[in-house]
Amino acid sequence: ISMLVKTKIHSVLLNSLLSENASRNNAMKNAKDNAEELKEELILVYNKLRQQQITNELSDIVNGI
């Protein structure tokens, strides 16, 4: 019976570690996905602002200011 108890405890501990590892991996994947999404949004905002600045400068040149 002692070996059965040891094996069961070992199994429970391994399952616990596996579950924790899976949760960490999932959290890291979500963080990575969120960071990539934020990066894409920031690039879009930056490009829009840069294009607006270029448009304003061209408008100033054309209008002779």
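This is a predicted model: local features need pLDDT of at least 70, side-chain atom pairs count only at pLDDT 80 or more; totals for chains, interfaces and linings use all residues.
Three salt bridges were identified, where pairing requires a side-chain nitrogen of Lys or Arg within 4 Å of a carboxyl oxygen of Asp or Glu. Side chains of opposite charge can pair when their charged atoms come close.

One of these contacts joins Arg24 to Glu20, with an N to O distance of 2.6 Å. Both residues belong to helix α1, which spans residues 2–62, and because they are four residues apart, about one helical turn separates them. The solvent accessibility of each partner was also computed. Arg24 is exposed, at 54% relative accessibility, whereas Glu20 is partly exposed, with a relative accessible area of 38%.

A further salt bridge links Asp33 and Lys29, whose closest N and O atoms lie 2.9 Å apart. This pair is also located in helix α1, where a spacing of four residues places Asp33 and Lys29 about one helical turn from each other. The relative accessible area of Asp33 is 30%, so this residue is classed as partly exposed.

The side chains of Glu36 and Lys32 form another salt bridge, at 3.4 Å from N to O. Glu36 and Lys32 are likewise four residues apart in helix α1, and the separation between them is therefore about one helical turn. With a relative accessibility of 39%, Glu36 counts as partly exposed.

Key: Residues are numbered from 1 along each chain as its sequence is written. Side-chain values use heavy atoms; hydrogens and water are left out. Helices (H or I, at least four residues) and strands (E, at least two) are DSSP runs, numbered from the N terminus. Buried means under 20% relative accessible area, exposed over 50%, partly exposed in between (1.4 Å probe, protein chains only).
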